[in-house]
Amino acid sequence: MTPRFEAIGVVVSDMGRAIAFYRQLGLEFPDGAESEGHAEATTAGVRIMLDTEETVRSFDPDWKAPTEGHRSALAFRCDTPAEVDSAYANLLEHGGTGHKEPWDAPWGMRYAEVKDPDGNVVDLFADL
């Protein structure tokens, strides 16, 4: 059997805050998941799995949060360049921190980067 890509895991410090942020991007988490140590949403056939730091440490006691930079990013396609700008502003109002304000990238896309409440990068993009 060949392994198949199925899920992306994100470690979060506050599940309720993380779910509120990712719901702004259209991810649907079960009601009550805000108080759990693990929560999942499925989009485009891929599961987005959120785990609290405590949950990760329950099976990996030596786990430590990165202190500089980021190692991965979730990317969300928007329908229009204007929607990139709007989504960027909305995420800032819902716990995100601006990382790269919207710009017209040389590869032909409107692009922006927001950090979620735990510093994980979320890319927003649309064709110009």
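A residue counts here as buried when its relative accessible area is under 20%, as exposed when over 50%, and as partly exposed in between, using a 1.4 Å probe and protein chains only. The model is predicted, so local features need pLDDT of at least 70 and side-chain atom pairs count only at pLDDT 80 or more, while totals for chains, interfaces and linings use all residues. Residues are numbered from 1 along each chain as its sequence is written, and side-chain values use heavy atoms, with hydrogens and water left out.

Let's start with the salt bridges, each being a side-chain nitrogen of Lys or Arg within 4 Å of a carboxyl oxygen of Asp or Glu. The structure holds 8 of them. In one, Arg47 pairs with Glu40, with 3.0 Å between the closest N and O atoms. Arg47 is partly exposed, at a relative accessible area of 24%, and Glu40 is partly exposed too, at 28%. Glu6, Glu40 and Arg47 are linked in a network of salt bridges.

Another salt bridge joins Asp127 and Arg77, whose closest N and O atoms are 3.3 Å apart. This pair links distant parts of the chain, since Asp127 sits in strand β7 and Arg77 in strand β4 (residues 73-77), 50 residues apart. Helices (H or I, at least four residues) and strands (E, at least two) are DSSP runs, numbered from the N terminus.

Now for helix α3, which covers residues 81-93. Its 13 residues should span 18 Å at 1.5 Å a residue, and the end C-alpha atoms are 19 Å apart, which agrees; the expected span is 1.5 Å times one less than the number of residues. Val84, Ala87, Tyr88 and Leu91 are buried in α3. These four cover an arc of only 105° around the axis, which puts them on the same side of α3; the arc is that of the directions from the helix axis to the C-beta atoms. Ala82 and Glu93, on the other side of α3, are exposed. The buried residues of α3 pack against α1 (15-23), β5 (97-105), β6 and β7 (121-127), where contact means heavy atoms within 4.5 Å.

Asp85 and Arg110 also meet in a salt bridge, at 2.9 Å from N to O. Asp85 lies in helix α3 and Arg110 in strand β6, so this pair ties together parts 25 residues apart in sequence.

Strand β6 (residues 109-115) is also the place of Glu113. What does Glu113 touch, not counting residues up to four places away in sequence? The list is Tyr88, Gly98, His99, Lys100, Val121, Val122 and Asp123.
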